[in-house]
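Visitor: Can you walk me through this one? I have a few quick questions.
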Amino acid sequence: MELTRYGEITSVVVSSRGEIVQEEYLDGDADTLRNTRSCTKTVASMLTGIAIERGLVPGVEASLVELLGARVDDPRKRAITVRDVLTMSSCLDCDDWDEASPGSEELMYPQEDWLGFALGLPVREGTGFSYCTAGVVALGIALEQAVGGSLPDFARSELFDPLGIDHAEWQTTPLGQVSCAGGLLLTSRSLLALGELYLRGGDGIVPPEWVEESTRAHTRIVPPEWVIDELTEYGYLWWLRRYLGEDCLFMSGMGGNRVHVFPGLELVAVITSANFGRRDAHALSDNLLEEQILSSRIVG
């Protein structure tokens with residue numbers, strides 16, 4: 001597989017019908033932990049579905065503020081639901097794709113209290129998709145409170161251990177709260193296992209109803225040209241689009257980090273990348289996927 005023309009790709013792992021058919025490492029090896037960046041958000045979606053199935057979260061219409069046990073005066077913020085955060089459509093004036101947004105993640109990171117930052121944001125006009133990392137930070141903290149203990153421990157026992165994932169490292173906020181918004185460290189094969197889990201309909205680990213609902217289109221994305229194309233839709237922290245005519249659900253993180261699941265092909269493709277700071281990072285990963293992986297399996 002020719003990878004050098006796609007920038008700083010660090011690994012590619014592909015499975016077909018549950019068998020690894022391609023595995024290449026340009027940095028580290030199979031045991032190297034990869035910074036998944038915002039692919040972490042999709043893991044938060046998985047954990048939300050498990051928590052709802054366990055009765056720890058009432059459902060997607062549950063109030064985020066009530067789960068947090070926070071005092072918020074604005075009734076519009078009190079009405080924010082878990083679904084709103086999962087679909088990036090809450091009323092918070094928060095858009096990571098707009099540097100002028102008061103909720104831009106770059107304004108959150110220097111703060112000590114990330115949850116306070118999220119809940120303190122102004123309310124925006126209108127509704128619809130608005131990519132908001134701060135909202136997923138709040139969701140992760142709410143999940144940790146709902147499970148009544150360490151969210152990493154919950155993830156390990158309910159999701160990672162059943163998949164044989166034995167090494168994961170979570171990012172925390174400056175106050176020591178777990179962050180579900182980004183930075184989870186996993187190996188490339190662990191990412192593959194998470195993708196294959198959804199290919200198998202949850203496999204009794206994630207409820208099948210949640211797999212179906214979370215990977216259904218809930219909103220259409222109209223992003224800046226450099227982020228992703230206009231064909232993309234969004235589920236519950238899952239990205240949805242077609243590649244070379246094939247339906248795909250995928251996890252996506254800064255720099256072009258990806259976990260692609262093609263149900264119709266029974267194929268999962270993991271791309272890890274260090275193309276940070278490049279506006280074409282996602283385009284590079286898309287090109288790699290189509291030219292080096294899909295074309296050989298569909299056209300060839």
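Guide: What follows covers a strand, a cavity and a proline in a predicted model.

Visitor: Start with strand S1. Is it buried or exposed?
Guide: Strand S1, residues 9-16, has eight of its eight residues buried, so it is largely enclosed by the rest of the structure.

Visitor: Which strands does S1 pair with?
Guide: S1 pairs with strand S10 (residues 267-273) in the antiparallel sense, over seven bridges. S1 also pairs with strand S2 (residues 19-25), again antiparallel, over six bridges.

Visitor: Which residue in S10 is the bridge partner of Val14?
Guide: Ala269 is the partner of Val14 there. On the S2 side, Ser16 stands opposite Glu19.

Visitor: And how many residues are between S1 and S2?
Guide: Two, and the strands form a hairpin. Arg17, in the turn, has a positive phi of about 55°.

Visitor: Changing topic. How many cavities of 30 Å³ or more?
Guide: One. The volume of the largest cavity is about 60 Å³.

Visitor: What lines the largest cavity?
Guide: The lining includes Asp84, Met88, Cys94, Arg124 and Cys132. By type, the lining residues are five nonpolar, four polar and two charged.

Visitor: Last topic: where is Pro152?
Guide: Pro152 is in helix H8, residues 151-160.

Visitor: What is Pro152 in contact with, leaving aside neighbours within four places in sequence?
Guide: Glu144, Trp170 and Val178.

Visitor: How far apart are Pro152 and Ser104?
Guide: They are 48 residues apart in sequence, and their C-alpha atoms are 26 Å apart in space.

Notes
Residues are numbered from 1 along each chain as its sequence is written. This is a predicted model: local features need pLDDT of at least 70, side-chain atom pairs count only at pLDDT 80 or more; totals for chains, interfaces and linings use all residues. Side-chain values use heavy atoms; hydrogens and water are left out. On a 1 Å grid over the protein atoms alone, a cavity is a set of points where a 1.4 Å probe fits but cannot get out, and a pocket is an open set with protein on both sides within 12 Å along at least five of seven lines; lining residues have an atom within 4 Å of a point. Grid points are joined across faces, edges and corners, and a volume is the space filled by probe spheres set on the points. Ala, Val, Leu, Ile, Met, Phe, Trp, Tyr, Cys and Pro count as nonpolar, Asp, Glu, Lys and Arg as charged, and the others, Gly among them, as polar. Helices (H or I, at least four residues) and strands (E, at least two) are DSSP runs, numbered from the N terminus. Contact means heavy atoms within 4.5 Å. Buried means under 20% relative accessible area, exposed over 50%, partly exposed in between (1.4 Å probe, protein chains only). Two strands pair if DSSP finds at least two bridges between them.
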